[in-house]
Amino acid sequence: MTAQSSLTLTGFHDSVYTWAVRWALAEMGLAARYDELNPFDDTQAAGLRGLHPFGQVPVLRDGDFVLYETAAILRYLDRLAPGPDRIPAAPRAEARMWQVISIINGQVYGPLVRQVFSNGYYLPRMEQAGDTDALGDGLAAAPRVLDALDAIAQEGLVLTGQSPNLADLMLAPMLCYFGAVDAGARLIARRPALAAWLAQMQARPALAETRPPCLTEASP
């Protein structure tokens, strides 16, 4: 096992993917140094590309080993951490977990975070005008995405509200962001299984302790 003290997480404080990794570290009892780099700042982004060819966050370093892509980082941390594996043992549950992760990256992040959260919550807090067309497009796309996730939660193989697996660790921060917009919160509430799962995740101390500044600080 690699020593925990060698771990360094490079991220951006309001990045939802960075939050997923910070939550995972807290849940797993792993320590990591944290380096802040803003991928939206041209100067900092240039330095970030020395770690990540696409200039994105998060990036995990373990000594001279550099790893990017959040699902890969979470799996690596899972292998380092003491305690039970955070991948379900049953073949169908494991397959469903990876399916949810694919949905997150392909269907959740774009409309629910980049379009709805960014334009309906984040940019207005930064005293910048959000793109109302993008916000509307994200809200229009959201029901089908949420319906798919609610059906998976109803099935009971994953999104059960128990000890978080890798899909839980990635999805809960994104739905917290989406739910920061009133219209997003209402859409989640209409899907009882998904809403119950999210409430259980939000009750976990490690998720609350790692909440990013944009959700915890007063508006300017």
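Start at the second largest pocket, which holds about 190 Å³ of space. A pocket is an open set of 1 Å grid points, over the protein atoms alone, where a 1.4 Å probe fits, with protein on both sides within 12 Å along at least five of seven lines; lining residues have an atom within 4 Å of a point. Volume is the space filled by probe spheres set on the points. This is a predicted model: local features need pLDDT of at least 70, side-chain atom pairs 80 or more, while totals for chains, interfaces and linings use all residues. Residues are numbered from 1 along each chain, and side-chain values use heavy atoms, without hydrogens and water.

Select Asp85, Arg86, Ser163, Pro164 and Asn165. Of the 15 lining residues, these are the closest to the centre of this second pocket.

Next, the largest pocket: about 690 Å³. It has 27 lining residues, with Ser15, Tyr17, Phe40, Tyr109 and Arg114 nearest its centre. Colour helix H4 (91-125), which gives the largest share of this lining, nine residues. Helices here are DSSP runs (H or I, at least four residues), as are strands (E, at least two), numbered from the N terminus.

Zoom in on Ser15, in the loop between strand S1 (7-11) and H1.

Finally, select helix H8 (residues 192-202). Leu194, Trp197, Leu198 and Met201 are buried there. Seen down the axis of H8, they fall within an arc of 95 degrees (directions from the axis to the C-beta atoms), so they line one face of the helix.

Methods:
Buried < 20%, exposed > 50% of the residue type's maximum accessible area, 1.4 Å probe, protein only.
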